[in-house]
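Dear colleague,

I am handing over the structure we discussed, and below it you will find my notes on what turned up in it. Please read them with the model open beside you.

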Amino acid sequence: MKAIIVSKAGNSEVLEYCEVPKPILKNGWSLIKIKGFGINHSEIFTRQGKSPSVKFPRILGIECVGVIEETSEPDRLPIGQKVISIMGEMGREFDGSYAEYVLVPNKQIYPINTDINWIILASLPETYYTAYGSFLSLNINENDTILVRGASSGVGIAFTNIIKSLYPHIRIVGTTRNTNKRDQLINKGYTDIIIDKDGILETKYIFSKIIDLIGPKSIKNSIMHLKRKGIICSVGLLGNTWHLDSFDPIMELREFKKLTSFYSGDVDEALLNEIIKMVEDNHIQGVKPEKIFKLDEIQQAHQYLENKDNSLGKVIVMNE
């Protein structure tokens, strides 16, 4: 099969397109023929050598959509069954989805029944799962004013699609470091755009709900823009900072403010299928990738996502 091998940490050039043996079926695992997958920032961090637990050589990729090619659990995962796989240790402890086939533990494979096309399906798994989980964590209602910190990211735009689909008239503001993205982001559904300059928002506005995709690097500044009794959901690490230092929750979360999160590694099969059903029923609209690449274009896909001046939205790779 064709796959992308990373033999050492480095820039996008270490993503090597080559021929490798197709994985051999083993007990408790099944083989997925991959139709498509999304590119995630966590895979870029791993490629750069920022995931100490990951040993090279490795095929990256933490998500995929496809069909069962070979199975060790024919009742639940018959050959030809459409499936999604996300998270677990795929692409980290064992080889992942940057390939034509991937061997995955059965417990990490989720059967789906849908007629949604593969391009839309490949845009959903990690991105919309995280966005929808964050939406649920924030207890959003139509009277909220919402801030999306990291508005041009795949999860940021997915979150906005969900909100605007359910509450078309709600006020939802996005942040960006790049003023050139303003018109593009307004076209994606944001009511207004705020500039994030060196981790400080250039506004005095406050919001009832905030999703922060930058992470520990910006969370304290985000809390400063949260209303009394407001909720902030921290779910991203786009700021390349992993831990929150010098944080006093008693002082930072005064005025009954609440800090929450959503961990997409806790995969709920029912929640995953709920998202798919919402897309099928048109309750979530506007689901589509911003860029589509082929497997042998994986270097360009990473370069696009790493270019903070130009990247926008979800990037996927399709095998067919």
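K35 is found in strand β3 (residues 29-38), where helices (H or I, at least four residues) and strands (E, at least two) are DSSP runs numbered from the N terminus. This is a predicted model, in which local features need pLDDT of at least 70 and side-chain atom pairs count only at pLDDT 80 or more, while totals for chains, interfaces and linings use all residues. Residues are numbered from 1 along each chain as its sequence is written, and side-chain values use heavy atoms, with hydrogens and water left out.

K35 is buried because its relative accessible area is 13%, buried meaning under 20%, exposed over 50% and partly exposed in between (1.4 Å probe, protein chains only). Leaving aside neighbours within four places in sequence, K35 is in contact (heavy atoms within 4.5 Å) with V65, G66, V67, W118, V317, M318, N319 and E320.

One of these contacts, V317, is the bridge partner of F293 in β16. Strand β15 (residues 291-294) and strand β16 (residues 315-318) run parallel and are joined by four bridges, and two strands pair if DSSP finds at least two bridges between them.

Turning to helix α4 (residues 154-166), eleven of its 13 residues are buried, among them G154, F159 and S165. The buried residues of α4 pack against α3 (125-138), β8 (145-149), β9 (171-176) and β12 (207-212).

Best regards
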